[in-house]
Amino acid sequence: MIKNINYTDENVLQQEQDTIFHKSWFFVGLSDKLQNKNDYITYRCGSVSLFVQNFGEELKCFSNICLHRFNNIHTGNEGNGHLICSYHNWVYDDSGSPMVRSACLKEELASCSRPKLEQYEVAICGKFIFVKVNKEDLTSLDKHLGSFYDKLIELSSFFDDIINNETLVLDHKANWKLLVENVLECYHCSSVHKETLVPIGIGGKKPENHYCESGHDKVDYPIRTTALQTEREAKLSFLTKTQYSHKSLQHWYIFPNLFISSTAGNLFYIGKLSPERSDYTKLYAEFVKPKYTELTKKEGMLLNAYAQASLDSSTRVIFEDRAILEDIQKNLSIIPEQKQIFGEEEFRIESFHKNINNIINYK
Ligand code: FES
Ligand SMILES: [Fe+2]
């Protein structure tokens, strides 16, 4: 197990950013966000600031830092636009080269160690886009994901539209490992989520179908039949028409920064982690509708209302967790030499710790 000091020390975080987050492939977003030419997604974490953009023929990934005086090229989390820096309007082409008109700047650039934007590797698995910034690591994405590569392709074949128009960004005053540990168990579900998850039958049942490989991890938390659930299914008959049918809260952790969950195949949640400081982590959330079979017009309308309500309730679940994690973070700095205790229900956290302990020599 890992001592509390490793959740509060900036040097530890820096090591983690270099050797866990940016050592190999990490998740940056869903391909739905890059459907049109010049659509882009940005990603910023530690010493990495980049964007992935649709250049018509292909997706490319470049450093998001302007060569001139280091302003961001793209601002915001996502959008559509040419590569134009807003400070002095330098324009870049699709190879990341600046199209400068002034002769003196051309000379400067020719002698500069960075004549064009640094380019990084980008690869796609189903609808999941991954990036690798470490050029010394030659692992392919399918090797990095192992058998999860095919599983993610299959899973995302059931994804329909993203429900939230803009990515939801949730700041957590907590270390990234606390966010991971929190989603790797549902032991807390019956206490923390008694008004959100318990009424729909989640919590209190032993997880099933656990599968873990190279740090990636998947499990099913069975759903109990509750009065609310039975009433809901009677009113919303379309729920049983989902093409991704299972009676559980299915949870996936794709190492190091992607969370996926499916609530009985009626709503997908896609979460992306970005650890900014040892006590500050950004969580980016998307909610995705699953594909349904042959919905009537009325069912389609009900589905939209249901999706909106599910989004609100899932956001509430994240807030419920966040309040606890932020309190824990404060306490960890008071008792730096102690360690959390993990019991039988927290077996996925033990695998997570084992995996990162193999990568970093924690204090
Ligand atoms: S900083 Fe980008 S154009 Fe000047
Ligand atoms: Fe939770």
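In the predicted model, Trp176, Lys177, Val180, Glu181 and Val183 of helix H5 are in contact with Arg348, Ile349, Phe352, His353 and Ile356 of helix H9. Sorted by class, this contact between H5 and H9 comprises six nonpolar residues, one polar residue and three charged residues. Helix H9 spans residues 347–359, and its axis comes within 8 Å of that of H5, with a crossing angle of roughly 145 degrees. The crossing of H5 and H9 is right-handed.

Helix H5, residues 176–183, also packs against helix H8, residues 297–334; their axes come within 10 Å and cross at roughly 130 degrees. An angle over 145 degrees would count as roughly antiparallel and one from 65 to 115 degrees as roughly perpendicular; H5 and H8 are therefore oblique to each other. The crossing of H5 and H8 is right-handed. On the H5 side the contact is formed by Leu178, Leu179 and Asn182, and on the H8 side by Asp321, Leu325, Ile328, Gln329 and Leu332. Five nonpolar, two polar and one charged residues make up this contact of H5 with H8.

Most residues other than glycine have a negative phi, and most peptide bonds are trans. The peptide bond joining Phe255 and Pro256 is cis, with omega of about 5 degrees. Pro256 is located in the loop between strand E12 (248–254) and strand E13 (258–263).

Asn89, although not a glycine, has a positive phi of about 60 degrees. This residue, Asn89, lies in the loop between strand E5 (78–80) and helix H2 (103–110). A positive phi is also found at Asn209, likewise not a glycine, with a value of about 55 degrees. Asn209 is placed in strand E10, which covers residues 208–213.

Notes. Residues are numbered from 1 along each chain as its sequence is written. Chains are lettered from A and ligands numbered from 1 in the order in which they are written. This is a predicted model: local features need pLDDT of at least 70, side-chain atom pairs count only at pLDDT 80 or more; totals for chains, interfaces and linings use all residues. Side-chain values use heavy atoms; hydrogens and water are left out. Axes are lines fitted to C-alpha atoms, for helices over the stretch in contact, and angles run from 0 to 180 degrees between N-to-C directions. Helices (H or I, at least four residues) and strands (E, at least two) are DSSP runs, numbered from the N terminus. Angles under 35 degrees count as roughly parallel, over 145 as roughly antiparallel, 65 to 115 as roughly perpendicular and the rest as oblique. A crossing is left-handed if the near helix is turned anticlockwise from the far one by less than a right angle, and right-handed if clockwise. Contact means heavy atoms within 4.5 Å. Ala, Val, Leu, Ile, Met, Phe, Trp, Tyr, Cys and Pro count as nonpolar, Asp, Glu, Lys and Arg as charged, and the others, Gly among them, as polar.
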